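I'm opening my notebook on this one and jotting down what I look up as I go.

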Amino acid sequence: MNEQETTADGNNSSAAVAEDPGADSNSAVSVFRRTIKTYVLRAGRMTDSEKRSYEELHQVWCIPFEHKTLNFTEIFGNTNPVTFEIGFGMGHATAAIARANPEMNYIGSEVHVPGVGRLLSEIKKNQLKNLFIIEYDALEILKSMIPDGSIEAFHIFFPDPWPKKKHHKRRLMQRPHTDLLMQKLTPGGYIYFATDWQEYAEEALSELEATDGLKNRYEGFAPHQEWRPRTKFEQKGIDAGRDIFELYFEKEE
Ligand SMILES: C[S@@+](CC[C@H](N)C(=O)[O-])C[C@H]1O[C@@H](n2cnc3c(N)ncnc32)[C@H](O)[C@@H]1O
């Protein structure tokens, strides 16, 4: 089966429509050069209010992807620590965390446009000043826009588990991606990851343990971090009877 016919959570779906927004699908050469993406672009409708928010607020709260290093002090107007979230989905947890921590700055990355529209609405509704969005592949953002040693925390909540063995190469929480996260963290900064997919959790644990410069704050899995609001995909996992696994690794000082 073509990979594009299988969603990241293992269900067959016509919702998975494209692989790489930057790839030139007409070029035979690009097939060989294409990097392995951790996502497929899902079709999804925006509600009218999400569309309005997207059009109105995109210019203000979305930072365009560029091959240029960001200056966080200029963006946020302060020197507060920066948390970077990979794949915020519909962004409910993202907005709630930013609202609860005005002394912290947040950058959320997502490629799913309706989710971006949704989070933009939340930013407006809650008048958030400490949260910006970059609508692009997080790994490319990190490589091109984020200075080394500048991120206080990575939040990665219920990333696509890619359950089929032939798709494991698309998983986010594996080296060299974890090496890249480590490189971007401040000393003492952390990576907090949660999943409802046990086998992925176990693989992520060994990948993080094998990443030079990181240490586990706990023995094995982390206890539930009470401050994290439940996410949409977490709820789906719970409804399906799955347990939740959390990992919390810190960069050595
Ligand atoms: C399974 S969903 C989880 C969403 C949300 N965190 C939650 O818990 O409800 C994973 C999300 O990660 C996004 N994603 C996957 N790889 C990404 C990447 N490299 N950069 C940005 N977003 C990514 C997908 O588009 C998808 O919306």
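This is a predicted model: local features need pLDDT of at least 70, side-chain atom pairs count only at pLDDT 80 or more; totals for chains, interfaces and linings use all residues.

**Entry 1: helix H6**

I started with H6, where I found Ala-138, Ile-141 and Leu-142 buried. Where do the buried residues of H6 fall, seen down its axis? They sit within an arc of 95 degrees, so they line one face of the helix.

**Entry 2: the whole chain**

I stepped back to look at the protein chain. Its secondary structure comes to 9 helices and 9 strands. The chain has 253 residues, and 37% of them count as buried. I also checked the contacts with a separation of 6 or more: residues 24 or more positions apart account for 78% of them.

**Entry 3: around the ligand**

Next I went to the ligand. How many residues surround it? I noted 23, and the closest are Gly-87, Gly-89, Ala-138, Phe-158 and Thr-231. Ala-138 was already in my notes as one of the buried residues of H6.

Helix H6 (138-145) and helix H9 (232-239) each supply at least two residues of this shell. Which of the elements gives the most to the shell? That is H9, with 3 residues. I sorted the shell by type as well and got 11 nonpolar, 7 polar and 5 charged residues.

**Entry 4: the nonpolar core**

I looked up the largest nonpolar core and found 51 residues in it. Those with the most contacts inside this core are Leu-119, Phe-154, Ile-156, Phe-193 and Ala-204. Strand S7 (residues 185-195) provides the largest share of the core, 5 residues.

What does Phe-154 touch, once residues up to four places away in sequence are left out? My list reads Phe-84, Ile-86, Leu-181, Ile-191 and Tyr-192.

**Entry 5: helix H5**

H5 (residues 113-125) is a helix of 13 residues. From its first C-alpha to its last, H5 reaches 19 Å, close to the 18 Å expected at 1.5 Å a residue.

I wrote down the buried residues of H5: Gly-115, Val-116, Gly-117, Arg-118, Leu-119, Leu-120, Ser-121 and Ile-123. What covers the buried residues of H5 includes helix H2 (48-61), helix H4 (92-100), strand S4 (105-109) and strand S5 (131-134). Just after H5, I noticed that Gln-127 takes a positive phi of about 50 degrees.

**Entry 6: two loop residues**

Glu-103 is in the loop between H4 and S4. Is Glu-103 buried or exposed? It counts as exposed, because I found 8 C-beta neighbours inside 10 Å and the cut-off for exposed is 12 or fewer. In sequence Glu-103 and Asn-78 are 25 residues apart, and in space they are 9.6 Å apart, C-alpha to C-alpha.

Ser-150 is in the loop between H6 and strand S6 (151-157). With 16 C-beta neighbours inside 10 Å, Ser-150 counts as partly exposed. I checked Ser-150 against Thr-186 too: 36 residues apart in sequence, 5.3 Å apart in space, C-alpha to C-alpha. Leaving aside neighbours within four places in sequence, Ser-150 is in contact with Phe-72, Val-82, Lys-184 and Thr-186.

Phe-158 is in the loop between S6 and H7 and has a positive phi of about 55 degrees, although it is not a glycine. Phe-158 is buried, since 23 other C-beta atoms lie within 10 Å. Phe-158 is also one of the closest residues to the ligand.

Trp-162 is in the loop between S6 and H7. Its phi is positive, about 40 degrees, and Trp-162 is not a glycine. I counted Trp-162 as buried, because it has 23 C-beta neighbours inside 10 Å.

Last, I looked at Pro-176, found in the loop between S6 and H7. A cis peptide bond joins Arg-175 and Pro-176, with omega about 5 degrees.

Notes. Residues are numbered from 1 along each chain as its sequence is written. A residue is near a molecule or strand if its C-beta atom, placed from the backbone, lies within 6 Å of it. Helices (H or I, at least four residues) and strands (E, at least two) are DSSP runs, numbered from the N terminus. Ala, Val, Leu, Ile, Met, Phe, Trp, Tyr, Cys and Pro count as nonpolar, Asp, Glu, Lys and Arg as charged, and the others, Gly among them, as polar. A nonpolar core is a set of buried Ala, Val, Leu, Ile, Met, Phe, Trp, Tyr and Cys residues joined through C-beta atoms within 7 Å. A residue is buried if 20 or more other C-beta atoms lie within 10 Å of its own, exposed if 12 or fewer, and partly exposed in between; C-beta atoms are placed from the backbone. Two residues are in contact if their C-beta atoms, placed from the backbone, lie within 7 Å. The expected span of a helix is 1.5 Å times one less than its number of residues. The arc is that of the directions from the helix axis to the C-beta atoms.
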